[in-house]
Amino acid sequence: PPAGGPVPSGPPAGGAPSSAPPASYGQPGQTGPGWPGAGHPTPPPGMPQYGMPPYGPPPPGWPGPYWAPPPPPRPHGLELAPLGARVVARLIDIGLVFLLNVLVNGWFVWRFVTEIEPVSRELTRRLLNGESSTEGLPQASAQADGLQVVILLIAVALWFAYEVPAVANSGQTFGKRVMGIKVVPLAETEQLGFGRSFRRWNMLGLPVFLWSCCGIGFLIQLVDCALPFFDRPLRQALHDKRGQTVVVRLPRQSDIPTGTSGPSDTPSTGTSGPSDTPTDRTGGSTS
């Protein structure tokens with residue numbers, strides 16, 4: 001409109017509606033580098049252009065600046081492991097370690113229960129009768145204390161032998177292998193190695209020695225394993241932060257594009273006739 005004249009509120013007579021953005025984005029007709037077409041405003045001073053962080057490509061028809069959410073992190077190009085898969089993998093590993101303890105530690109546990117049975121029987125009787133006094137309780141033998149230490153030592157040793165070498169060599173325990181997830185270093189691309197695997201494990205394994213201290217060890221392990229539900233953006237547990245590792249999901253067969261051949265593809269067994277073109281090892285034609 002002429003200078004000082006009224007601004008029309010509707011489209012020109014007989015014309016299409018104006019595609020100019022709202023006045024809050026700039027004056028109609030102004031353009032800027034990277035902005036889609038005439039009629040869009042020049043970004044305010046100091047603001048980045050389209051297609052540059054923190055702005056990404058806008059949805060179709062979006063009139064102004066668009067804040068694109070950052071993409072999820074992909075360590076070494078791999079997707080972060082789903083939390084559900086990590087929980088199931090840990091439960092599988094706990095079950096296998098428990099079975100190892102039943103086989104190796106079972107006799108010591110039975111002896112320990114036998115030693116403390118008089119104390120536990122008397123405590124149960126007093127609780128059922130509503131007695132709160134602890135005077136006159138039978139004392140557990142010194143052998144019970146020794147058995148408790150042996151049981152915890154064996155449990156920690158079995159857990160160590162099950163998890164640390166497996167994670168150091170391949171990044172996977174049996175549970176992680178079943179769920180298709182893997183522990184990888186946060187920065188490097190090589191395998192973890194024994195030292196880093198041990199540092200990662202000891203945040204979970206060593207609190208076992210504190211199980212007898214009013215469950216403090218179990219509480220530490222619970223907080224450790226619950227941290228990935230709140231940690232962003234890498235979903236690291238305390239033991240992941242200790243070992244500078246992250247858990248990723250390995251590509252599944254369904255994620256590989258159809259027709260893409262890999263090292264594990266089965267070679268064709270068909271016979272070649274006179275009209276077949278011979279190929280070399282790299283798949284290129286030799287003719």
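**Cavity, pocket and patch**

Analyst: Starting inside this predicted model: Glu163, Val164, Val167, Ser197, Arg200 and Trp201 line the largest cavity. Two or more of the lining residues come from each of α2 and α4.

User: How much space lies in the largest cavity?

Analyst: About 30 Å³. The structure holds 1 cavity of 30 Å³ or more.

User: And how does the lining of the largest cavity split by class?

Analyst: It has 3 nonpolar, 1 polar and 2 charged residues.

User: Switching to pockets. What volume does the largest pocket have?

Analyst: The volume is about 1000 Å³. The lining of the largest pocket counts 38 residues. Nearest its centre lie Arg90, Ile94, Trp159, Trp211 and Gln221.

User: Which elements give two or more residues to that lining?

Analyst: α1 (83-128), α2 (142-170), α4 (194-205) and α5 (216-226). α1 gives the most, with 15 residues.

User: How many of the pocket's lining residues are nonpolar, polar or charged?

Analyst: There are 27 nonpolar, 6 polar and 5 charged residues in the lining of the largest pocket.

User: Where is Trp211 found?

Analyst: In the loop between α4 and α5. Trp211 also belongs to a nonpolar surface patch.

Note on methods:
Residues are numbered from 1 along each chain as its sequence is written. This is a predicted model: local features need pLDDT of at least 70, side-chain atom pairs count only at pLDDT 80 or more; totals for chains, interfaces and linings use all residues. Side-chain values use heavy atoms; hydrogens and water are left out. On a 1 Å grid over the protein atoms alone, a cavity is a set of points where a 1.4 Å probe fits but cannot get out, and a pocket is an open set with protein on both sides within 12 Å along at least five of seven lines; lining residues have an atom within 4 Å of a point. Grid points are joined across faces, edges and corners, and a volume is the space filled by probe spheres set on the points. Helices (H or I, at least four residues) and strands (E, at least two) are DSSP runs, numbered from the N terminus. Ala, Val, Leu, Ile, Met, Phe, Trp, Tyr, Cys and Pro count as nonpolar, Asp, Glu, Lys and Arg as charged, and the others, Gly among them, as polar. Patches are made of residues with over 30% relative accessible area and no salt bridge: like charges are joined within 9 Å, nonpolar side chains (Val, Leu, Ile, Met, Phe, Trp, Tyr) within 5 Å. Accessible areas come from the Shrake-Rupley method with a 1.4 Å probe; for residues, only the protein chains shown count as cover. A salt bridge is a side-chain nitrogen of Lys or Arg within 4 Å of a carboxyl oxygen of Asp or Glu.
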